[in-house]
Amino acid sequence: TYYYAIRLSNGNVLRVATEAKNFFSIYDDAVPAVLVSCVLILLLSVLLAFFLTRQLVRPIVTMANNLDDVEKNVPYKELEPFAKAIALDQKNRQNGEKIRRDFTANVSHELKTPLTSISGYAELIETGMAKPEDIAGFAARIRKEAGRLMALVGDIIQLSELDDASEEGAGKLTMEPVDLAAVVNECVQDLQPAARKAYLVLSAQTEPVMVEGSRGLLMELCQNLCDNAIRYNRPGGKVEVTVRNVAGAAELCVKDNGIGIAPEHQQRVFERFYRVDKSRSKATGGTGLGLAIVKHIAILHNAKIELESEAGKGTSIQVLFPEQN
């Protein structure tokens with residue numbers, strides 16, 4: 001209740017009063033209107049959110065329906081990294097699919113060649129068309145092609161096992177401290193007959209260096225590198241294998257003065273079945289998988305491969321193992 005008062009000229013005081021609602025009564029009257037307004041605002045917000053969401057999502061759906069050109073249809077700048085990641089993943093998948101197709105085609109071709117030779121010579125002997133004095137030579141050719149076939153199948157199996165190990169992680173392998181120098185010295189000793197047969201000098205200069213790895217795989221890596229250096233060399237050439245400690249890490253280097261590798265081939269020599277000189281590879285009996293096996297073994301040991309080569313002057317391949325704790 002509010003009071004108003006005024007003093008009159010005769011000295012009397014005139015008071016006037018009026019009834020007014022208190023705060024709580026005003027609140028009670030306003031609550032229904034406030035609730036109705038809130039409901040209306042909520043409904044309007046839902047409708048606007050639905051509409052805006054559809055407008056925002058529609059370009060993303062359009063982008064998703066055109067993944068082949070995802071980078072050309074990016075509606076928002078914030079989605080550009082996402083689009084690049086999708087494009088990169090697609091490219092990797094396409095490259096992987098191409099590698100698988102090429103691998104299948106190459107395997108089929110490589111298996112067909114020795115099998116055709118074996119079948120042809122065997123047929124000549126079976127039908128009696130081969131002269132008695134030729135049978136021994138045909139048998140030798142059959143044995144040579146069978147050996148080439150066995151080497152190819154062995155390399156394919158080795159690559160398959162390395163692929164499985166890469167997918168499962170190096171933890172699936174038996175890793176232990178290995179003296180890399182001892183592995184290299186044994187490898188060089190085993191390959192001395194092959195080097196002498198090719199009229200090459202194969203030598204090793206090593207110092208004790210410990211690495212964490214699989215001794216069998218490290219031996220395979222060294223043998224493949226040395227075998228390649230022997231195959232693609234010239235009579236009177238040399239192959240030097242060194243092992244040294246570089247700032248706590250191990251470096252294995254295989255250097256030759258053979259035919260070398262042209263710059264345009266150097267990035268691809270570690271691909272499966274890739275050959276710089278196919279005719280020479282066939283003549284020397286190579287399968288085209290040796291350096292691919294080296295690459296996979298290096299990956300399993302967290303090692304880095306560096307290649308330096310010049311056509312006609314030789315090749316040097318370094319395998320750098322991580323620093324030991």
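## A sheet, its cores and its salt bridges

The model is predicted, so local features need pLDDT of at least 70 and side-chain atom pairs count only at pLDDT 80 or more, while totals for chains, interfaces and linings use all residues. Residues are numbered from 1 along each chain as its sequence is written, and side-chain values use heavy atoms, with hydrogens and water left out. Helices (H or I, at least four residues) and strands (E, at least two) are DSSP runs, numbered from the N terminus.

**The sheet**

- The order β4-β6-β7-β9-β8 describes an open sheet of 5 strands with mixed pairing; two strands pair if DSSP finds at least two bridges between them.
- At the edges stand β4 and β8 (304-310), each with a single partner strand, so one side of each has no neighbour in the sheet.
- Neighbouring strands are turned by 10 degrees against each other on average, direction ignored (axes are lines fitted to C-alpha atoms, for helices over the stretch in contact, and angles run from 0 to 180 degrees between N-to-C directions).
- Helix α6 packs on the sheet and touches β4, β6, β7 and β9, and its direction makes about 25 degrees with that of β7.
- Between β4 and β6 the pairing is parallel, over 6 bridges, and Leu202 stands opposite Val239 in β6.
- Between β6 and β7 the pairing is antiparallel, over 8 bridges, and here Arg244 stands opposite Glu251 in β7.
- A hairpin is formed by β6 and β7 with 2 residues between them; Ala247 in the turn has a positive phi of about 55 degrees.

**Val201, in strand β4**

- Val201 belongs to strand β4 (residues 201-206).
- With 53% relative accessibility, Val201 counts as exposed (buried means under 20% relative accessible area, exposed over 50%, partly exposed in between, with a 1.4 Å probe and protein chains only).
- Leaving aside residues up to four places away in sequence, Val201 touches Gly237, Lys238 and Val239, where contact means heavy atoms within 4.5 Å.
- Val201 and Gly237 are 36 residues apart along the chain, yet their C-alpha atoms are separated by 6.5 Å.

**Nonpolar cores**

- In soluble globular proteins, nonpolar side chains tend to be buried together.
- A nonpolar core here is a set of buried Ala, Val, Leu, Ile, Met, Phe, Trp, Tyr and Cys residues joined through side-chain atoms within 4.5 Å.
- The largest nonpolar core has 50 residues, and Leu180, Leu202 and Phe321 are among those with the most contacts inside it.
- Helix α6 gives the most to this core, with 9 residues.
- A second, separate core has 6 residues, including Met63 and Ile86.

**Salt bridges**

- A salt bridge is a side-chain nitrogen of Lys or Arg within 4 Å of a carboxyl oxygen of Asp or Glu, and the count comes to 8 salt bridges.
- Arg215 forms a salt bridge with Glu186, the closest N and O atoms being 3.0 Å apart.
- Because Arg215 lies in helix α6 and Glu186 in helix α4, this pair ties together parts that are 29 residues apart in sequence.
- Glu145 and Arg148 also meet in a salt bridge (3.7 Å, N to O); both lie in helix α3, 3 residues apart, about one turn of the helix.
- Glu145 is buried at 10% relative accessible area, and Arg148 is buried at 18%.
- In another salt bridge, the side chains of Lys238 and Glu240 meet (3.7 Å, N to O); Lys238 is partly exposed at 41% relative accessible area.
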